[in-house]
Amino acid sequence: MTQHPRISKAVIPAAGLGTRFLPATKATPKEMLPVVDKPAIQYVVEEAVAAGLDDVLMVTGRNKRPLEDHFDRNYELESALQKKGDAGRLAKVQESSDLATMHYVRQGDPKGLGHAVLCAAPHVGDEPFAVLLGDDLIDPRDPLLQRMVEVQEQRGGSVIALMEVAPEQIHLYGCAAVETTEDSDVVQISGLVEKPDPADAPSNYAIIGRYVLDPHIFEILRRTEPGRGGEIQLTDALQQLAEDEKIGGPVHGVVFKGRRYDTGDRGDYLRAIVRLACEREDLGPDFRTWLRSYVAEEM
């Protein structure tokens, strides 16, 4: 099987307004909302680095300066912690600034996910690259992105993360028409549709926020007209790749059955915090005891 170029670059679109979390996101980027004691965006960068992608471009917008500050050095804070002899907190502060080589570009006009990805073209160039959406946190014990990179290096083209959902929920997601392959967790994608009515959905395979893309996607995005919601949809561009392998190779999907935490919805955001806190060695035992007591009292 042909070995394709090693992927080293990750793109994280982070220009959204976070309107579902107002008023908390009026002055604070939604990506900086804490999930236990780390901002959600740090989990995403850590996932990229764990998959071997240490060159990270963040596509930002207005009022997103705290994202850059978080991944930069804070010498005053570090000096204060060092003087106190607080090595534990000092290590946590320095961790985010040492994770990866970070780059930033502004999207400007919020024209959709496809446009945000297109903003990465000058940085990415002619290399395949990964796209990670910040609303989906993937448990580090389930290396989804690493598997997607492996599939892309083996098969070429583009790779999309898929997850089976209940048929009545498919209208909340992009949806894929699929064909099986010799690998049980890999399918070939023959078509894509953004948020279909359940009656029209080609399957119950939903697209979740991880992509490994062939750079030909940029050519398609440049000529993609606004679609659903008046935005340039990445799904529409991927549909063109799936229709014609000659453009940028095949489009495959990796079917994910692991642990995923959705922080884009307020209820799921709270559930993600509870799950992750329960599993922490330093917080879990006491928190689980309190949670059982609280649930018993409420029931």
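Mentor: The model is predicted: local features need pLDDT of at least 70 and side-chain atom pairs count only at pLDDT 80 or more, whereas totals for chains, interfaces and linings use all residues. Residues are numbered from 1 along each chain as its sequence is written, and side-chain values use heavy atoms, with hydrogens and water left out. Helices (H or I, at least four residues) and strands (E, at least two) are DSSP runs, numbered from the N terminus.

Helix α4 spans residues 87–97, and its buried residues are Leu 90, Ser 96 and Ser 97. They lie on the same side of α4, because they cover an arc of only 130 degrees around the axis; the arc is that of the directions from the helix axis to the C-beta atoms. Ala 87 and Lys 92 are exposed on the face of α4 turned away from its buried side. Here buried means under 20% relative accessible area, exposed over 50%, and partly exposed in between (1.4 Å probe, protein chains only).

Asn 63 is not a glycine, yet its phi is positive, near 65 degrees. With 58% relative accessibility, Asn 63 counts as exposed. Lys 195, in the loop between β10 (186–194) and β11 (205–213), likewise has a positive phi, of about 50 degrees, without being a glycine. Lys 195 is partly exposed, at a relative accessible area of 34%. A further backbone feature is the cis peptide bond from Leu 22 to Pro 23, with omega near 10 degrees; Pro 23 lies in the loop between β1 (9–13) and β2 (34–35).

As to confidence, the mean pLDDT of the chain is 90, and 98% of its residues reach 70 or more; pLDDT is the predictor's confidence in each residue, from 0 to 100. Among the elements, helix α10 (residues 245–248) has the lowest mean pLDDT, 80, and strand β6 (residues 129–132) the highest, 97. Where pLDDT is low, the predicted coordinates should not be read in detail.
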